[in-house]
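Me: Please take a close look at one part of this model, the aromatic side chains. Then place that part in the chain as a whole.

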Amino acid sequence: MVELPESHSGWTFVTNHARVLAAIADNPNVRIRDIAAHCRLTERAVQRIISDLEQDGYLSHTRDGRSNTYRIEPDKVLRHPAEAGLTVAALLSLLVQDETDHGRSARTSSAARFSAAR
């Protein structure tokens, strides 16, 4: 996974649900432990968030041995009326940075990955 961000205190612009979804978008095979470390949450909190996202149809997973592969529903519309018409793919295009932005090797853009997953 990527290096951990610096800690902070106070409010933030992005919810924990969005952070977890972005971590999964960045790596569909990511472990809950790694999501928790990256998002600065407990593993239990990440499990609850994943359960919320699956229950409402934003996310699904398949089990392969001891690991999960997650699949995000990119065309699913966000829940809040203020974001009416905004899709998960649009949100994630803002939250998931290409590795080229971090100076690492190039890969396909997040929007292209979500379109290809359909």
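Reply:
**The aromatic rings and their setting**

W11 and F13 are both exposed (over 50% relative accessible area; buried is under 20%, partly exposed in between, with a 1.4 Å probe and protein chains only). The model is predicted, so local features need pLDDT of at least 70 and side-chain atom pairs 80 or more, while totals for chains, interfaces and linings use all residues. Residues are numbered from 1 along each chain as its sequence is written, and side-chain values use heavy atoms, without hydrogens and water.

Rings of Phe, Tyr and Trp (its six-membered ring) pair if their centres lie within 6.5 Å; planes under 30 degrees apart are stacked, over 60 edge-to-face, the rest tilted. This rule gives one aromatic pair. The pair is made by W11 and F13, in an edge-to-face arrangement with 4.7 Å between the centres and 75 degrees between the planes.

Another ring, that of Y58, has the charged end of K76 over it, 5.2 Å from the ring centre (NZ of Lys or CZ of Arg within 6 Å of the centre and within 35 degrees of the ring normal).

As for the setting, the protein chain has 118 residues, and 28% of them count as buried. Its accessible surface is about 7800 Å² (Shrake-Rupley, 1.4 Å probe), with 49% belonging to carbon and sulfur atoms. Five helices and two strands make up its elements (DSSP runs: H or I, at least four residues; E, at least two). From the N terminus they follow the order α-α-α-β-β-α-α. Among contacts (heavy atoms within 4.5 Å) with a separation of 6 or more, 43% link residues 24 or more positions apart.
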